[in-house]
Amino acid sequence: MTKNYFATGIISKSSNFGEADSIFHLITKEYGLVKAVAKSVRKPKSKLKGHLQTLNHVNAYLRKGKNLDLIIQVESVTTFKSIKKNLNFIAQACYMTELTESVISEDQSSPELFNLLVSSLKFLETSKNRILLIHCFEFQLLALSGFKLMFLECVNCQKEISKNSHVFSPVQGGVLCPNCKKSENTKLINLSFTTLKILRNMSRENFSLLLEISPPKNIINELSRIFNESIKELLGIKLNSQNFYQTIMKH
Ligand SMILES: [Zn+2]
């Protein structure tokens with residue numbers, strides 16, 4: 001990386017630093033997670049201030065530093081205004097950015113993760129039906145992190161799954177056939193056939209179809225449990241924003 005560089009990214013987090021500076025976390029297309037300081041950004045006359053807001057998509061010029069990089073110039077591409085007006089959308093957007101930040105590496109180009117986050121935020125802002133957005137996002141993020149959940153055949157022996165024998169193993173990252181279920185001694189989750197059908201459509205990457213449907217509450221609860229447990233087991237994380245977004249979604 002040269003001393004000065006350009007990056008396009010989503011601002012995922014900020015914290016105060018010193019008297020008037022702030023540190024920003026950017027999920028960038030070119031360099032993965034970038035942590036950079038903006039000088040005097042908390043002073044009223046700062047030109048950077050308006051652009052450096054959490055969830056903004058920005059184009060930034062930065063200078064490589066020893067510990068933290070320095071934001072020299074920044075311009076917003078999208079501010080996701082409609083998301084910021086609604087507490088429910090903010091909770092979902094924060095969950096998606098926090099989850100992305102937890103899997104993205106520093107100094108490593110991650111265009112797929114960046115594009116997934118941007119397209120999901122755009123969908124959250126513009127679409128009328130967002131019921132399955134978070135779960136489609138989680139499925140794709142897990143796949144990009146090397147954990148593609150298996151719903152078409154048994155994750156253990158690759159046999160086709162027959163009707164009425166659906167059980168999901170978060171540790172194995174997929175559904176198990178009755179035979180493999182017998183010898184599995186980790187936590188298992190029973191699935192209804194409707195939930196399995198939705199998950200199979202995720203495996204086939206039919207996301208545009210899934211983003212149009214509105215499944216009932218009991219199916220949403222099953223899906224939430226599957227993804228919460230998978231993220232906990234496979235990525236080894238439990239996020240603060242997950243509790244926030246789940247509380248909001250219940251109301
Ligand atoms: Zn099996």
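Is serine 12 buried or exposed? Serine 12 turns out to be buried, at a relative accessible area of 12%, where buried means under 20%, exposed over 50% and partly exposed in between (1.4 Å probe, protein chains only). The model behind this is a predicted one, with local features needing pLDDT of at least 70 and side-chain atom pairs counting only at pLDDT 80 or more, while totals for chains, interfaces and linings use all residues. Residues are numbered from 1 along each chain as its sequence is written, and side-chain values use heavy atoms, with hydrogens and water left out.

Serine 12 sits in strand β1, which covers residues 4–17; helices (H or I, at least four residues) and strands (E, at least two) are DSSP runs, numbered from the N terminus. Once neighbours within four places in sequence are set aside, serine 12 is in contact (heavy atoms within 4.5 Å) with His25, Ile27, Thr54, Thr97 and Glu101.

On to the aromatic rings: the structure has five aromatic pairs. Rings of Phe, Tyr and Trp (its six-membered ring) pair if their centres lie within 6.5 Å, and planes under 30 degrees apart are stacked, over 60 edge-to-face and the rest tilted. Tyrosine 5 and tyrosine 31 make an edge-to-face pair, with 4.8 Å between centres and 75° between planes. This pair links distant parts of the chain, 26 residues apart: tyrosine 5 belongs to strand β1, tyrosine 31 to the loop between β2 (21–28) and β3 (32–38). Tyrosine 5 is buried at 4% relative accessibility, whereas tyrosine 31 is partly exposed at 21%. Elsewhere, Phe139, Phe151, Phe168 and Phe207 form one aromatic cluster.

Then there is the zinc ion, whose protein donors are the SG atoms of Cys154, Cys157, Cys177 and Cys180, lying 2.3 Å from it. Donors here are N, O and S atoms within 2.8 Å of the metal (3.2 Å for Na, K and Ca); water is not among the atoms, so sites may look incomplete. Angles among the four donor atoms run from 103 to 115°, and the site is tetrahedral, a label given to four donors if all angles lie between 85 and 135 degrees. Along the chain, the donors follow the spacing C-x2-C-x19-C-x2-C. Cysteine 154 lies in the loop between α4 (133–144) and β6 (167–169) and cysteine 180 in helix α5 (residues 178–183), so the pair ties together parts 26 residues apart in sequence.

How values were computed:
Tetrahedral: all angles 85-135°; square planar, octahedral: opposite > 155°, others 65-115°.
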